[in-house]
Amino acid sequence: MHQESLTEAAFDFSQYLERGRQLVEGQLAVYLSETAPKVLWESMRYSVLSGGKRLRAILCLSAAEAIAARENHSQKEVVEIVLPCCCAIEMVHAMSLIHDDLPAMDNDDYRRGKLTNHKVFGEAIALLAGDALLLYANQILLTKTPAQIDPAVTLSVASELCRACGPKGMVGGQVDDLAFTGRLEQVKIDLEAGENEVVELIHRGKTGELIRFSVWSGARLLGASADELAILSKYAESLGLAFQIADDLLDVTGDMKTLGKTPGKDLAANKVTWVTVYGEEGSRKRLRELEDAGLAYLDNSMFAGAPTNALKKLLQYAIYRSN
Ligand code: IPE
Ligand code: IPE
Ligand code: MG
Ligand code: MG
Ligand code: MG
């Protein structure tokens with residue numbers, strides 16, 4: 001069954017994840033080594049360098065590797081080309097977590113097993129660290145992506161990052177999430193009346209867009225064709241939606257120690273999540289469908305011979321992870 005296929009090659013895959021994590025964290029530490037204003041950089045480092053799965057950065061790297069195999073790029077070249085983008089993605093992601101945890105949003109005290117940014121640095125610095133990370137991410141992407149990449153390509157990647165995280169992407173999704181918080185009963189009534197795309201809309205926006213960008217950008221920087229980008233985007237959309245459904249499930253099934261964040265918050269806040277709307281079984285069923293759909297995209301003949309194994313394992317990891 002689905003879950004076993006992950007454990008079969010668990011050893012190699014965990015090494016693969018570890019390699020990606022080390023590459024990304026090593027470079028993030030370099031980019032974030034500035035010192036003034038002291039409290040700002042400390043706050044930025046606190047959230048960016050505090051662990052995390054680095055899934056989005058690794059997705060970017062894996063998509064790049066899948067395309068690069070055909071182009072005869074060495075491993076080293078691939079890393080040089082996409083590492084600034086991987087780091088930019090993790091900075092934007094950290095920004096989204098800092099802001100998501102603020103009292104005005106989800107009001108969370110713990111993240112990655114540590115106090116949330118605003119609990120340590122105060123709300124003003126947490127807001128500003130988020131702002132700084134968002135802009136610094138684009139600066140890094142635009143100035144550190146190697147000159148061998150056509151500037152028009154780099155620009156298109158930066159522009160797509162802004163779109164994916166902006167009003168029609170992550171920020172829009174976060175606004176929808178907040179708008180529906182506390183309106184769970186109405187959403188369920190609407191669902192029975194046959195109108196309900198609300199949870200899917202929220203999830204695709206707040207979480208799916210950055211994940212889609214992660215895969216798309218890695219492939220784009222390595223010269224993927226429009227057809228390849230379209231199929232990889234479909235795969236990434238399945239993964240992105242599945243990732244947030246799994247997060248919703250973990251809020252119900254996980255514990256503080258494993259998650260590093262307080263479980264049970266979604267129900268307490270009357271949040272519209274896959275679990276609160278469709279139940280645990282409904283969530284697991286959708287995850288299996290998304291797994292099958294995501295894997296099928298990668299089986300497209302367009303990728304015959306390309307190393308898509310890591311992308312397949314990453315999809316299953318996004319679904320069956322424990323934190
Ligand atoms: C948490 O993302 C926020 C969501 C979109 C659900 P992750 O679960 O990827 O967080 P880290 O980076 O591993 O801590
Ligand atoms: C977070 O969704 C989405 C973003 C941060 C953009 P959640 O609010 O469900 O994430 P957690 O559970 O706090 O990590
Ligand atoms: Mg939230
Ligand atoms: Mg939250
Ligand atoms: Mg959550």
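How are H7 and H8 oriented to each other, roughly parallel or roughly antiparallel? The views below take up this predicted model, starting with that pair.

**Conventions.** This is a predicted model, in which local features need pLDDT of at least 70, side-chain atom pairs count only at pLDDT 80 or more, and totals for chains, interfaces and linings use all residues. Residues are numbered from 1 along each chain as its sequence is written, chains are lettered from A and ligands numbered from 1 in the order in which they are written, and side-chain values use heavy atoms, with hydrogens and water left out.

**View 1. Helices H7 and H8 cross at roughly 165°.** H7 spans residues 123-144 and H8 residues 151-165. Helices (H or I, at least four residues) and strands (E, at least two) are DSSP runs, numbered from the N terminus. The two axes come within 9 Å. Axes are lines fitted to C-alpha atoms, for helices over the stretch in contact, and angles run from 0 to 180 degrees between N-to-C directions. H7 and H8 are therefore roughly antiparallel to each other. Angles under 35 degrees count as roughly parallel, over 145 as roughly antiparallel, 65 to 115 as roughly perpendicular and the rest as oblique. The crossing is right-handed. That term means the near helix is turned clockwise from the far one by less than a right angle; left-handed means anticlockwise.

**View 2. Helices H12 and H15 cross at roughly 150°.** H12 covers residues 226-253, and H15 covers residues 274-298. Their axes come within 8 Å. This pair, too, is therefore roughly antiparallel. H12 passes H15 in a left-handed crossing. The contact residues comprise 16 nonpolar, four polar and five charged. Here Ala, Val, Leu, Ile, Met, Phe, Trp, Tyr, Cys and Pro count as nonpolar, Asp, Glu, Lys and Arg as charged, and the others, Gly among them, as polar.

**View 3. Asp 100 bridges two magnesium ions, ligand 3 and ligand 4.** The ions lie 3.1 Å apart. Asp 100 (OD) and Asp 106 (OD) coordinate ligand 4 at 2.1 Å. The protein donors of ligand 3 are Asp 100 (OD) and Asp 106 (OD), at 2.1 to 2.2 Å. Donors are N, O and S atoms within 2.8 Å of the metal (3.2 Å for Na, K and Ca); water is not among the atoms, so sites may look incomplete. Asp 100 is buried, at 14% relative accessibility. Buried means under 20% relative accessible area, exposed over 50%, partly exposed in between (1.4 Å probe, protein chains only).

**View 4. Asp 106 and Lys 271 meet in a salt bridge.** The N to O distance is 2.9 Å. A salt bridge is a side-chain nitrogen of Lys or Arg within 4 Å of a carboxyl oxygen of Asp or Glu. Asp 106 lies in the loop between helix H5 (75-101) and strand E1 (110-111), and Lys 271 in the loop between helix H14 (265-268) and H15, so the pair ties together parts 165 residues apart in sequence. Lys 271 is buried, at 6% relative accessible area.

**View 5. Lys 265 forms a salt bridge with Asp 108.** Their closest N and O atoms are 2.9 Å apart. Lys 265 sits in helix H14 and Asp 108 in the loop between H5 and E1, so the pair ties together parts 157 residues apart in sequence. Lys 265 is partly exposed, at 23%. Asp 108 is buried, at 9%.
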